[in-house]
Amino acid sequence: MFERPRGGERAILVHVAFDGAPDPEALHEFRELALSAGAEPQALVTGQRHAPDRRLFVGSGKAEEIRDLVTLHQAELVIFDHELTPSQERNLERLFECRVLDRTGLILDIFAQRARSHEGKLQVELAQLRHLSTRLIRGWTHLERQKGGIGLRGPGETQLETDRRLLGQRIDQIRRRLARVDGQREQSRRARRRTETPTLSLVGYTNAGKSTLFNALTEARVYARDQLFATLDPTLRRLELEGGTPVVLADTVGFVSRLPHDLVAAFKSTLQE
């Protein structure tokens, strides 16, 4: 099996602007995401291009600059503020001789750390498996020959085919579980609609203080911390406005720019709430 270099937390951050100079707000968000994942940024590399390089995403000169910084800071992880193809990620890891993580992998890692409920963990796992399914080949490129197996492998399957089949089975299993949860939530929404109780949702950027406000308004004790994506599960509480009008107040998942599509799909039931 292809052994990826073991990584740590010392990281080089890479951001490339394709429509002018790098946006300071985007750079700040990127750094905050890296810190939230537990990385210790050692350097930030920025650049400008008209389009990504098909092989390395960045140009060869920029790639060499990043490699030199990895050596200088003894970094064990390079994080790109962009989505990388599996081949780009693999080529960069070979060049840098360390782990490479793209924006999707970074956000998935943060969500995995923050997930608390059973549903939240299932949603994160589903998104991770979908992301992993496009990258399985990296681990088995030298095992394309037919290989025997005990218990799990089908007749004539390669290891890669076995992994893909098992991965697909797990994805289907999680989807069925989440479909049941979605059905239960839909019943709750229908009940609220029958009583004509309005629902008010607190929405906004992650770590903007939504959960803190929710606790202050409802006297609830939902988890609230000064960190990105502290809330992954919606919480509903009944609240009476001035005049006695009843409403349902909802605390929601925070927003972030360029949220990975796999996460949006996996958190469908949560976002619908």
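I began with helix H4, which has twelve residues and reaches 17 Å from its first C-alpha to its last, close to the 16 Å expected at 1.5 Å a residue. The expected span of a helix is 1.5 Å times one less than its number of residues. Helices (H or I, at least four residues) and strands (E, at least two) are DSSP runs, numbered from the N terminus.

I noted that this is a predicted model, in which local features need pLDDT of at least 70 and side-chain atom pairs count only at pLDDT 80 or more, while totals for chains, interfaces and linings use all residues. Residues are numbered from 1 along each chain as its sequence is written, and side-chain values use heavy atoms, with hydrogens and water left out.

**Entry 1: the whole protein**

I recorded nine helices and seven strands in the protein. Of its 273 residues, 45% count as buried. Buried means under 20% relative accessible area, exposed over 50%, and partly exposed in between (1.4 Å probe, protein chains only). I then looked at contacts between residues at least 6 apart in sequence, of which 66% join residues at least 24 apart. Contact means heavy atoms within 4.5 Å.

**Entry 2: helix H4**

I returned to H4 and asked how many of its residues are buried. H4 is mostly covered, with nine of its twelve residues buried. Among them are Leu106, Ile107, Leu108, Ile110 and Phe111. Arg103 and Arg114 also belong to the buried residues of H4.

**Entry 3: helix H1**

I checked the length of H1 (residues 24-36) next: its 13 residues should span 18 Å at 1.5 Å a residue, and its end C-alpha atoms are 18 Å apart, which agrees. At the start of H1, a side-chain oxygen of Asp23 comes within 3.2 Å of the backbone nitrogen of Glu25. A polar contact is a pair of N or O atoms within 3.5 Å; within protein, one must be able to donate a hydrogen and the other to accept it, and residues adjacent in sequence count only if both atoms are side-chain atoms. After H1 comes Gly38, with a positive phi near 100°.

I listed the buried residues of H1 as Ala26, Leu27, Glu29, Phe30, Leu33, Ala34 and Ser36. These buried residues pack against strands S1 (10-17), S2 (40-48) and S3 (77-80), and against helix H4 (103-114).

**Entry 4: how H1 meets H4**

Two packed helices are described by the angle between their axes and the distance between the axes. For H1 and H4, I found an angle of about 45° and axes 9 Å apart. Axes are lines fitted to C-alpha atoms, for helices over the stretch in contact, and angles run from 0 to 180 degrees between N-to-C directions. H1 and H4 are therefore oblique to each other; angles under 35 degrees count as roughly parallel, over 145 as roughly antiparallel, 65 to 115 as roughly perpendicular and the rest as oblique. On the H1 side, Glu29, Phe30, Leu33, Ala34 and Ser36 meet H4 residues including Leu106, Ile107 and Ile110.

I located Thr218 in helix H7 (residues 210-218). Thr218 is buried, because its relative accessible area is 17%. A polar atom of its side chain lies 2.7 Å from the backbone oxygen of Phe214. Asn215 is also found in H7, and its relative accessible area of 16% makes it buried.

I placed Thr235 in strand S6 (residues 235-240). Thr235 counts as buried at 17% relative accessibility. Leaving aside neighbours within four places in sequence, Thr235 is in contact with Phe214, Val222, Leu249, Ala250 and Asp251.
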